[in-house]
Amino acid sequence: MAGVSQPELRHVGLNLTDEPREVREQVESDVFGFWVFLMSDAVMFACLFAVYATVRHATAGGPTAAQEFKFHSAFWETALLLTSSFAYGMVSISMKHTRGRLWIAVFMVLTFCLGAGFLKMETHDFITMFHDGATPERSGFFSCVFVLVGMHGFHVFSGMMWMIVMGLQLAIYGPDQRTKINLIRLGLFWHFLDVIWVVIFTVVYLQGLIR
Amino acid sequence: MTFWHILLGRLTWTSIAFVRTWRDPTISGIIGGGAAAVAVGGAVVVLALLTYLRAWRYLWTEWMTSLDHKKIGIMYMVVAGVMLTRALIEAVVMRTQQAIAINNQGIVAPAHFAELFTTHGTIMIFFVGMPLLIGLMNYVMPLQIGARDVAFPYMNSISLWLTIGGGIMLMASLVIGKFSTGGWSGYPPYTELAFNGGVGPDYWIWSVSLSSLGALMTGINFAVTVYKLRAPGMTWMRLPLFTWTTLCTSILMIFAVPPLTIATLLLAADRYLGMHFFTNDLGGNMMNFVNLFWLFGHPEVYILILPPFGVYSEVVSAYSSKELYGYTSLVIATMAIAILSFTVWLHHFFTMGQSAPINAFFGIATMLIGIPTGVKIYDWIWTMFWGEVRLNTAMLFSIGFMVTFVIGGMSGIILATPPVDYMVHNTLFLIAHFHNMLIPGMLFGVIAGYYYWFPKAFGFRLSETWGRRAFYCWFFGFYLAFMPLYVMGLGGVARRSQELFDPALRPWTLIAEFGALLLLTGLACIFIQLYVSIRERHSTRVPVGDPWDARGLEWSMSAPPPEYNFATIPQVSRRDAFYWRKKYDGAYQPADHYRDIELPKNSMCGILVGMGLTACFFGFVWHIWWLAFLGFAIALGTAITRSFMRDVKRIIPAEEVAAHDRRWLDRAAAARPISRHLELTPENEGLAKWQG
Amino acid sequence: MKISPSLRADFLTYLTGYGLAIVLTGISFAFVFYRLLAPEAVFAVILFLALIQIIVHLRCFLHISLKQSSRSDLQLILFSALIIALMVCGTLIVVLDQKARMM
């Protein structure tokens with residue numbers, strides 16, 4: 001059975017072949033624990049998607065999805081987020097192949113900026129919708145849009161805060177074991193948010209814009 | 001915005017229970033004020049006592065900041081004990097009300113009665129059932145799999161303090177403000193702002209959120225522990241059954257809590273931000289809440305039932321001195337129940353109006369769960385068959401469970417038939433049914449496990465006499481309290497009724513009242529048992545650590561265990577590892593060499609995060625925004641600061657481990673092995689004689 | 001700076017993932033923008049593309065594979081997918097049925 005006997009060394013971002021068994025096991029359970037958290041988070045998003053599907057037409061005479069969703073901004077938001085994910089991949093590679101703090105820092109700043117760009121566009125969308133009277137108080141449909149998309153945005157924001165914390169830890173401790181584990185977890189988190197976004201742009205934005 | 005409004009939010013003089021009682025000195029008001037007085041008085045007495053005994057430093061360094069899974073487990077049980085006492089007293093008040101209030105107002109007003117059944121349910125599920133089981137799992141599971149601690153000890157401490165925070169909020173609601181009147185399930189639209197503008201539903205939302213957050217973290221923690229920290233050789237099919245049920249329960253917590261989080265979060269969004277998820281107008285749909293709530297609620301039932309199934313498996317096997325019958329079938333049954341529990345949630349709202357085929361599907365899925373459960377009952381019976389059964393307290397509770405649980409299961413099958421459910425839904429029949437599952441299924445199991453593992457945790461046995469008295473009270477109390485409810489429910493009496501109108505019901509309500517009092521006596525017996533056992537501890541010590549001639553790894557070290565659990569991590573070669581070691585004289589042997597052991601240092605971060613979030617949520621309830629912000633900042637700041645700490649482990653030197661182990665082995669060598677029929681006598685020092 | 005083969009392999013994995021993700025996203029958007037099919041069919045297609053893209057992300061960014069070494073993660077993800085499917089499909093069937101019967 002999978003589990004204790006064979007520690008897993010697959011994580012891009014960490015070279016553990018030379019470490020003692022306890023360290024490897026520690027890393028393994030730390031990262032696996034984070035996976036479990038992510039899956040629990042995925043169920044949370046799944047519930048929101050289910051609710052969204054049931055209130056899709058509950059616009060209560062107010063603005064509709066087709067009127068409020070912007071095709072182009074949804075596309076560019078997606079592009080920004082995907083690119084930021086790729087940039088974080090470069091952080092992981094720099095860490096695994098010990099390219100030093102500089103490269104890690106450069107790519108992390110890049111990821112952060114792309115994430116910030118995504119959030120800026122999303123906020124702009126929200127503000128436009130507010131101006132049109134498509135507020136969360138207006139209808140069950142927009143309550144759900146704002147909570148679902150906002151929840152994802154909040155996750156992105158948390159991820160960015162986490163990047164700042166990790167940047168400080170890198171500056172202080174360098175890539176030691178704890179920092180590395182947390183950078184791996186942050187990577188999982190960031191890539192996971194992409195997966196959620198794929199569902200959001202498909203189910204929320206594109207579905208709303210299908211004519 | 002006045003200064004006071006910013007400082008205190010919605011809090012006013014009339015929020016205080018005593019002021020309300022002063023202005024409204026009816027019986028109902030006095031009962032409410034009395035409860036508040038007990039809460040405040042209890043807190044004051046405890047604090048004063050701790051100060052008088054100068055126990056603060058000890059409590060802080062040894063317990064509150066401890067990351068040791070064993071101590072955290074014990075703290076969970078203590079908290080649950082306090083909450084259980086409150087919720088059981090509330091139950092007695094409710095039964096008294098229904099016994100008196102036949103064509104009169106009785107002793108508690110309708111709103112007060114609604115508060116009582118809401119807090120009773122919320123507490124029993126979130127602050128009694130879950131903490132009791134999490135406590136037990138925390139203590140026992142790492143010992144059973146040969147681990148030094150859980151995978152994330154710091155997160156374990158956060159979980160504990162979040163749960164305690166939720167408990168504190170429930171206690172605070174007795175004194176400041178009022179709790180929800182919307183039942184433990186808090187259905188909107190009744191709990192929406194339009195119908196319930198007060199703090200009640202907010203208290204419910206945020207206290208449940210604290211508990212569910214804690215449970216989610218515990219689930220992650222335990223699942224990873226079982227997955228990754230098993231001793232070498234402890235393969236899946238060698239895991240003790242209790243560990244299996246712990247794993248399944250953890251999986252249920254991981255996947256079932258998120259729907260609840262979403263349900264409460266969206267309700268909060270409605271109440272705080274004016275959104276329309278579950279409102280009557282503007283596209284809200286309250287069915288979504290009901291659906292989400294039971295997506296959580298049904299697996300929750302199995303979160304509460306599965307660990308006791310594990311306890312019964314251990315207890316029945318140990319006190320029958322037999323290998324567990326049908327181990328594989330028990331594992332499969334446990335997994336089957338865990339998966340099936342995600343496919344039956346709709347049976348909680350058969351009457352909400354979906355098409356008949358959907359009801360039929362969920363009805364059949366519900367009945368299917370009866371099959372693996374039946375398998376388990378047969379396995380336990382066959383385990384006892386021709387075994388050397390000792391009918392002590394734990395076994396009495398186990399057998400009492402088997403008989404009673406089967407009856408409850410039968411009524412469950414009845415309720416799972418949609419047309420019948422249409423007749424009896426929302427009646428006392430349902431109340432009788434789920435108490436019939438949860439009291440034997442959960443509480444009896446916890447008591448049996450408490451009796452079974454107590455000597456391991458504290459080094460002395462519990463009083464048998466008081467244990468038996470407790471059993472008789474719980475067992476007969478249960479039947480007297482709930483069988484009349486089946487009768488009344490079939491007669492059509494609605495649940496949550498503050499007043500009844502048919503004098504013919506009086507005999508039944510009186511019997512139920514007597515049963516409730518008997519149950520309260522049963523709880524008193526449990527506390528007396530603890531007191532008596534502590535007083536008599538010198539004659540019941542079992543320092544060698546194996547008082548029941550049991551089979552799992554948790555019995556292979558001293559009682560109480562050292563903080564690092566195992567001097568050397570055991571190598572497991574088959575199921576019931578300790579039993580086989582005893583057989584082949586491998587037990588009580590020194591290790592070849594001892595190594596330094598690394599353990600987590602104590603940390604006050606857990607308590608800071610937990611109490612910070614509690615303050616934050618309390619601020620949300622009362623709209624005290626500065627407090628909410630401050631509490632959140634404390635919690636977040638602590639979590640971030642902690643991530644910068646590198647010096648979080650301490651080393652226990654090999655010599656110290658070796659010395660402790662040697663002392664224990666000497667003690668074992670000096671002890672006289674006793675046979676099983678002497679295990680309840682003072683002769684029992686925790687060393688069992690080999691009897692095959 | 002020397003580029004080792006394993007670095008190159010890791011880089012290619014990410015690059016492949018990124019390329020595929022962009023292409024799949026582009027196709028999805030194109031289907032909606034140019035109204036290539038009937039509305040229901042478009043929705044089916046973009047749902048399918050989203051599923052593929054999720055698998056691409058899992059494979060290339062999150063490094064989940066069929067190899068023994070990531071088996072427990074894979075098991076976890078598959079189990080989660082099962083639970084999510086149960087919850088989402090169940091919710092849709094139940095709540096939409098209730099809704100239909102109220103109309």
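Tutor: A60(A) counts as partly exposed, with 16 C-beta neighbours inside 10 Å. This is a predicted model.

Student: Where in chain A does A60(A) lie, and what is its phi?

Tutor: A60(A) lies in the loop between helix 1 (21–54) and helix 2 (65–68) of chain A. Most residues other than glycine have a negative phi. A60(A) is not a glycine, yet its phi is positive, at about 50°.

Student: Is D576(B) buried or exposed?

Tutor: D576(B) also has a positive phi, about 55°, without being a glycine. It lies in the loop between helix 17 and helix 18 of chain B. A residue counts as buried if 20 or more other C-beta atoms lie within 10 Å of its own. D576(B) has 20 such atoms within 10 Å, so it is buried.

Student: Which residue does a cis peptide bond join to P188(B)?

Tutor: Most peptide bonds are trans. Here the bond is cis, with omega about 0°.

Student: What is omega for the peptide bond from A559(B) to P560(B)?

Tutor: P560(B) lies in the loop between helix 17 and helix 18 (577–583) of chain B. The bond from A559(B) to P560(B) is cis, with omega near -10°.

Student: How does the radius of gyration of chain B stand against the globule rule?

Tutor: Chain B has 21 helices and two strands. For its 692 residues the globule rule gives 26 Å, and the radius of gyration is 25 Å, close to that figure, so chain B is as compact as a globular protein of that length.

Student: What box do the C-alpha atoms of chain B fill, and what share of its residues is buried?

Tutor: Taken along the principal axes, the box is roughly 70 × 55 × 45 Å. Among contacts in chain B between residues at least 6 apart in sequence, 81% join residues at least 24 apart. Of the 692 residues, the share that counts as buried is 55%.

Student: What share of the residues of chain A is buried?

Tutor: The secondary structure of chain A comes to six helices and zero strands. Among its contacts between residues at least 6 apart in sequence, 80% join residues at least 24 apart. Of the 211 residues of chain A, the buried share is 50%.

Student: How far apart are the centres of domain 1 of chain C and domain 2 of chain C?

Tutor: Chain C is divided into domain 1 (1–63) and domain 2 (67–103). Taken over C-alpha atoms, their centres are separated by 22 Å.

Student: Which helix of chain B supplies the largest share of the side of chain B that touches chain A?

Tutor: In this interface, 36 residues of chain B are in contact with 33 residues of chain A. Helix 8 (200–228), helix 9 (241–273), helix 10 (286–320) and helix 20 (625–644) of chain B each supply at least two residues of that side. The side divides into 24 nonpolar, nine polar and three charged residues. The largest share, nine residues, comes from helix 9 of chain B.

Student: Which helix of chain C gives the most to the side of chain C that touches chain A?

Tutor: Here 42 residues of chain C are in contact with 40 residues of chain A. The side of chain C divides into 27 nonpolar, eleven polar and four charged residues. With 14 residues, the one that gives the most is helix 3 of chain C.

Student: What ipTM does the model score?

Tutor: Chain B averages a pLDDT of 96, and chain C averages 92. The model has a pTM of 0.96 and an ipTM of 0.95.

Technical notes. Residues numbered from 1 in each chain as written. Chains lettered and ligands numbered in written order. Predicted model: local features only at pLDDT ≥ 70, side-chain atom pairs only at ≥ 80, totals over all residues. Contact = placed C-beta atoms within 7 Å. Helix = DSSP H or I, 4+ residues; strand = E, 2+ residues; numbered from the N terminus. Nonpolar A, V, L, I, M, F, W, Y, C, P; charged D, E, K, R; others polar. Domains from an automatic or database assignment. Rg over C-alpha atoms; globule rule 2.2 N^0.38 Å. Buried ≥ 20, exposed ≤ 12 C-beta atoms within 10 Å, placed from the backbone. pLDDT = per-residue confidence, 0-100.
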